[in-house]
Each structure stands twice: as C-alpha cells, then as structure tokens.
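Please read this report with the sequence and the structure side by side. The sections below take up the strands, the salt bridges, the surface charge and the backbone angles in turn.

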Amino acid sequence: MRVEILSTAEDDLAEGHRFYERQESGIGGYFLDTLFAEIDSLQLYAGMHRKKWGKYRMLSTRIPFGVFYPIHEDTVQVCAVLDLRRRPSFLRRQLSRDT
C-alpha cells in the first residue's frame, strides 16, 4: 500500500513540531520522528484502525495525536495529524477541511 501525506497533514505536522519545540528544544524532532515512523507503518496496517468522523484514525503510541486517513484504491491519504487533547468540535472542523 502506498502512503501519501496531504498538504493539510503536512501543515498539522509543522504546527505540532513548532508547539513541541516551544516546550523544549529537540522535542519537536522527536515529535516528527515518532509520527513519521507511525505514518510509515500504514503501509502494512492501513485499514485496521477504527473509523472516527468518517476517516480511519490511528492513535500515536507516544504522543497524544491521531493520524486520520481514508483509503482510495491502493493509496492511504493521510489528511490530518491532530492533537487529540483539542475539543471534538475543533477536530471535526479540521477533518472537514478541503484536501
């Protein structure tokens, strides 16, 4: 299975990186390393996650973020990488962004 990271998810990753770097230098790199490794795992495990708000949601194992994706034919399209500590209404709005 091919994994594609859409621009909306890239923006989410950049925002998360900035947030964690403000907490302590170097943590932003850990954030990106962790999430990119988990996104890469979708090559094997795509579709095994529960659906939430119409998209599959993979929960990060180390950071309170969720990776949201639909599957189109043989391609996983990562459309959002969101902080799950946010309000559900915010998360739903983010998932309805044009991709």
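## The four-stranded sheet

Four strands are arranged in the order E2-E3-E4-E7 as an open sheet with antiparallel pairing, where strands are DSSP runs of type E with at least two residues, numbered from the N terminus, and two strands pair if DSSP finds at least two bridges between them. The edges of this sheet are E2 and strand E7 (80–83), each of which pairs on one side only. Strands of a sheet pair through backbone hydrogen bonds, and they may do so in a parallel or an antiparallel way.

Within the sheet, E3 pairs with strand E4 (residues 65–69) in the antiparallel sense, over four bridges. Tyrosine 56 has tyrosine 69 in E4 standing opposite.

This is a predicted model, in which local features need pLDDT of at least 70 and side-chain atom pairs count only at pLDDT 80 or more, while totals for chains, interfaces and linings use all residues. Residues are numbered from 1 along each chain as its sequence is written, and side-chain values use heavy atoms, with hydrogens and water left out.

## The three-stranded sheet

A further open sheet has three strands in the order E1-E6-E5, and its pairing is mixed. Strand E1 (2–5) and E5 are at the edges with a single partner strand each, so one side of each has no neighbour in the sheet.

E1 and E6 are joined over four bridges in the parallel sense. Glutamate 4 has glutamine 77, in E6, as its bridge partner.

## Salt bridges

How many salt bridges does a search of the whole structure find? The search gives three, a salt bridge being a side-chain nitrogen of Lys or Arg within 4 Å of a carboxyl oxygen of Asp or Glu. Side chains of opposite charge can pair when their charged atoms come close.

One of them joins aspartate 12 to arginine 97, with the closest N and O atoms 2.8 Å apart. This pair links distant parts of the chain, since aspartate 12 lies in helix H1 (residues 7–23) and arginine 97 in the segment after helix H4 (88–95), 85 residues apart; helices are DSSP runs of type H or I with at least four residues. Aspartate 12 is buried at 6% relative accessibility, whereas arginine 97 is partly exposed at 24%; buried means under 20% relative accessible area, exposed over 50% and partly exposed in between, with a 1.4 Å probe and protein chains only. Aspartate 83 and arginine 85 also meet through their side chains, at 2.8 Å from N to O, and aspartate 83 is buried with a relative accessible area of 16%. Glutamate 4 forms a salt bridge with arginine 2, the closest N and O atoms being 4.0 Å apart, and glutamate 4 is partly exposed at 27%.

## A patch of positive charge

On the surface, Arg50, Lys52, Arg86, Arg92 and Arg93 gather in a patch of positive charge. Such patches are made of residues with over 30% relative accessible area and no salt bridge, with like charges joined within 9 Å. Lysine 52, which lies in strand E2 (residues 51–52), is partly exposed with a relative accessible area of 32%.

## Positive phi angles

Tryptophan 53 is not a glycine, yet its phi is positive, at about 55°. Tryptophan 53 lies in the loop between E2 and strand E3 (55–59), and is partly exposed at 30% relative accessible area.

Glutamate 73, also a residue other than glycine, has a positive phi near 55°. Glutamate 73 is found in the loop between strand E5 (71–72) and strand E6 (75–78), and counts as exposed at 78% relative accessibility.

Definitions and conventions. Patch = residues over 30% accessible without salt bridge, like charges linked within 9 Å, V, L, I, M, F, W, Y side chains within 5 Å. Areas by Shrake-Rupley, 256 points an atom, 1.4 Å probe, with all protein chains shown as cover. Lys, Arg positive; Asp, Glu negative; His and termini not counted. Charge placed at Lys NZ, Arg CZ, Asp CG, Glu CD.
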